[in-house]
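Welcome! Have a look at the sequence and the fold below, and then we will walk through a few of the features together.

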Amino acid sequence: MSIRVRFILVIGCLSLIATGAFAFLSYSFTINTALDEAQKKGDIVSAFLESSLAFYRSEQRPLIMDMVDKERFHPTLMSGFAISRGVWDEFKQKLPGYRFKQATVDPLYAPNKADIDEIRLITDFNDNKSMQRKSGIMEKDGEDFFYYAQPIEVKKGCLRCHGNPADAPEDQRNMYGTENGYNWVAGSVVAAYVTYVPVQNAIDDARNSAMTLFGYGVAGIFVLSLVIWFFFEKKVVLPVRALEKRASDISVGKRLDEKIETSSEDEIGKLAKALERMRISVVKLIERHSSK
């Protein structure tokens, strides 16, 4: 394998590694930026929902409970779950692609049933009561989302509707039955508010950008290899071959009267000067031998 090929292979491999590393760093930076942005949006959305629900519980619900018969149950007036769900249904029209779920292990309202990933979240909150939030990446329906989850701990007031089914409002029993959403225990975590912020497009864009960058890098390496190839051909390979030919000729006594010219000051120039000194030495040696 020639020096030229070996040099190009070394440069090509190093350049390829550098290009791959740069593309990976670009991908990681873009993804981290997108996730940071998604987290900020998740914080804002969750804070808005939490504030809306806190205002309802502290200001509105006590008045409603005083005004409505205890056997009556109007979800959109009396259920925090229904209130937050209704607010989200309006809110998500402004933010297409966002999702929100009151993921519950055993809900009254069937669509709130937690899936296997959400059950893991609820279990983590139950096992660690000091944990007030959890976030990360989760796949839903083949799409990646940044999720922001907060635990829902059973309060004493929740047991009016979710304790013994016999004590629940008659309207609620007629509406939802008595099989699910009951016998909750105060202090336990039975559900979680989970906000899903779409990040699939950002991930796809980051991946495509990294692949494009890597493609440009490979193209650049190819062009660089061609430049190096032609540079070596003109500046290294041809001069070295010419010096090799002169060295071979000198070794068999040919072209001894032709001076080896060079204007280069690099290693090839030094090699040419060394060969010229050798040519002169050979000529002198032959002349000395001939004069005897």
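A salt bridge is a side-chain nitrogen of Lys or Arg within 4 Å of a carboxyl oxygen of Asp or Glu. Keep in mind that this is a predicted model, where local features need pLDDT of at least 70 and side-chain atom pairs count only at pLDDT 80 or more, while totals for chains, interfaces and linings use all residues. Residues are numbered from 1 along each chain as its sequence is written, and side-chain values use heavy atoms, with hydrogens and water left out.

Let's begin with Arg 246, which sits in helix H7 (residues 200-251). Arg 246 is buried yet has no salt bridge, and Glu 258, the nearest side chain of opposite charge, is 4.3 Å away. Buried here means under 20% relative accessible area with a 1.4 Å probe, counting protein chains only; Lys and Arg count as positive and Asp and Glu as negative, while His and the chain ends are not counted. A polar atom of the Arg 246 side chain lies 3.1 Å from the backbone oxygen of Arg 255.

Next come the aromatic rings: the structure holds two aromatic pairs. Rings of Phe, Tyr and Trp (its six-membered ring) pair if their centres lie within 6.5 Å, with planes under 30 degrees apart counted as stacked and over 60 as edge-to-face.

| Pair | Centre distance | Plane angle | Type |
|---|---|---|---|
| Phe 100 and Tyr 193 | 5.9 Å | 20° | stacked |
| Phe 145 and Tyr 196 | 6.0 Å | 75° | edge-to-face |

Phe 100 and Tyr 193 are both buried, and so are Phe 145 and Tyr 196.

Definitions and conventions: Buried means under 20% relative accessible area, exposed over 50%, partly exposed in between (1.4 Å probe, protein chains only). Helices (H or I, at least four residues) and strands (E, at least two) are DSSP runs, numbered from the N terminus. A polar contact is a pair of N or O atoms within 3.5 Å; within protein, one must be able to donate a hydrogen and the other to accept it, and residues adjacent in sequence count only if both atoms are side-chain atoms.
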